[in-house]
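Grab a pencil and work through these exercises with the model open beside you. Each task comes with a solution that goes step by step.

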2 protein chains.
Amino acid sequence: MAPTPGVPGTSAHRRESYTTESLLAVAVEVFNERGYDGTSMEHLSKAAGISKSSIYHHVRGKEELLERAVGRALDGLFGILDESGARHGRALARLEHVVRRTVEVLVAELPYVTLLLRVRGNTSTERWALERRREFDHRVAELLREAVADGDLRADVDVRLATRLLFGMVNSIVEWYRPAGSGAASGDQIADAVTRLAFAGLRRP
Amino acid sequence: MAPTPGVPGTSAHRRESYTTESLLAVAVEVFNERGYDGTSMEHLSKAAGISKSSIYHHVRGKEELLERAVGRALDGLFGILDESGARHGRALARLEHVVRRTVEVLVAELPYVTLLLRVRGNTSTERWALERRREFDHRVAELLREAVADGDLRADVDVRLATRLLFGMVNSIVEWYRPAGSGAASGDQIADAVTRLAFAGLRRP
């Protein structure tokens, strides 16, 4: 749940109690529930409990909220590629690092990555987000290709197909993972399960 | 693309040229594009190029179209569990059979399975579809459990988590697979890649 600051309180109190960051958290929840296209400034104003003009005090509008939200998810994902584990060592080890960390970022930034994965491409911000996602996918596919060339990955899997299936598995986590669920696996346990399944398979060695 | 029969033609000609089956194909396309909730009888009538009353000649309404469409996907999926390969032999072999055939059914019945996977649960038909999907998942989880008990699957993967990741990978295919795509993999090639990745992993043995 996003923070719901300043309830009860005066309108002024509520307005003051939002930072752009905490307003963003509310907006992302609404976007994920209604879809970005289906969300109006009116919906955002109601969900946040502040007036539209108070929202305009923080951002130029709905699209800037989207830009900041998917930007946060993308920063998290691209940040992985700059980590030492993604830059040094054999391609296979770098690939495993990237897959594991992608799961961790996804779980840590769940609503933001969920929004990123649901972006459709109707506005320029959405198209930019899709473009950046593709770029991330290409970087991972490149690692896969290198690991095949090193002889560390089986050569009988098509790299493009394997990348898609890998991301299909990873991205599906946003559909069912709920941090508060009873007996819910931790991000770490999920990351373990994903890397094990993806690299070693389910069959007993 | 769905067939667009009877264009150009008289209204009567168009109405006559639809079977419930071909009308269903049009409806499923519209549902997948606009979402089931966002689709009205008006939308369906426009897409089919026939009047609403002509549609009522075939079905009681929008919900019956949904029921028939997801029913077709569910029949395909549950049919797999009755196949000989899913009923005889070690649990691991049965599980591999089910995973491979699930991919094949998904590719063969792409729009119908896509619709099934997007169902939300707002109407009783949607809730029934979700219930049946869960039942299918449980049957596959049961096979996984048996294969672990047989000692054929690694014991260090949580069955519930593994089932989710497995279906996450399989179901993601509806997001990118387009049969007409240039250089598109066949259902068979995708089924191979999925079973290989899921059971043997990407790493070279």
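Chain A holds twelve helices and zero strands, where helices (H or I, at least four residues) and strands (E, at least two) are DSSP runs numbered from the N terminus. Before you start, note that this is a predicted model, in which local features need pLDDT of at least 70, side-chain atom pairs count only at pLDDT 80 or more, and totals for chains, interfaces and linings use all residues. Residues are numbered from 1 along each chain as its sequence is written, chains are lettered from A and ligands numbered from 1 in the order in which they are written, and side-chain values use heavy atoms, with hydrogens and water left out.

**Exercise 1. Describe the overall build of chain A.**

Step 1: read along the sequence. The pattern is α-α-α-α-α-α-α-α-α-α-α-α.

Step 2: box it in. Along the principal axes, the C-alpha atoms of chain A fill roughly 65 × 40 × 30 Å.

Step 3: check burial. Of the 205 residues in chain A, 48% are buried (under 20% relative accessible area; exposed is over 50%, partly exposed in between, with a 1.4 Å probe and protein chains only).

Step 4: look at contacts, meaning heavy atoms within 4.5 Å. Take those in chain A between residues at least 6 apart in sequence: 64% of them join residues at least 24 apart.

**Exercise 2. Which residues does Ile80(A) touch, not counting residues up to four places away in sequence?**

Step 1: Ile80(A) sits in helix α5 of chain A and is buried, with a relative accessible area of 0%.

Step 2: list the partners. They are Ala86(A), Val98(A), Arg101(A), Thr102(A) and Val105(A).

Step 3: Ser22(A) is 58 residues away along the chain, and its C-alpha is 24 Å from that of Ile80(A).

**Exercise 3. Work out how α10(A) packs on α12(B).**

Step 1: find the angle. Helix α10 (residues 159–171) of chain A and helix α12 (residues 187–200) of chain B pack at about 60°, axes 10 Å apart. Axes are lines fitted to C-alpha atoms, for helices over the stretch in contact, and angles run from 0 to 180 degrees between N-to-C directions.

Step 2: classify it. The two helices are therefore oblique to each other; under 35 degrees counts as roughly parallel, over 145 as roughly antiparallel, 65 to 115 as roughly perpendicular and the rest as oblique.

Step 3: name the contact residues. Leu161(A), Ala162(A) and Leu165(A) meet Gln189(B), Ile190(B), Ala193(B), Val194(B) and Leu197(B).

Step 4: sort them. You get seven nonpolar, one polar and no charged (Ala, Val, Leu, Ile, Met, Phe, Trp, Tyr, Cys and Pro are nonpolar, Asp, Glu, Lys and Arg charged, and the others, Gly among them, polar).

Step 5: zoom in on Leu161(A). It is buried at 8% relative accessible area, and it touches Trp176(B) and Ala185(B), among others.

**Exercise 4. Is Phe136(B) buried or exposed, and what does it contact?**

Step 1: locate it. Phe136(B) lies in helix α9 of chain B.

Step 2: check accessibility. At 3% relative accessible area, Phe136(B) is buried.

Step 3: list contacts, leaving aside neighbours within four places. They are Leu77(B), Phe78(B), Leu81(B), Val98(B), Thr102(B) and Phe167(B).

Step 4: Leu81(B) is 55 residues away along the chain, with 8.8 Å between the C-alpha atoms.
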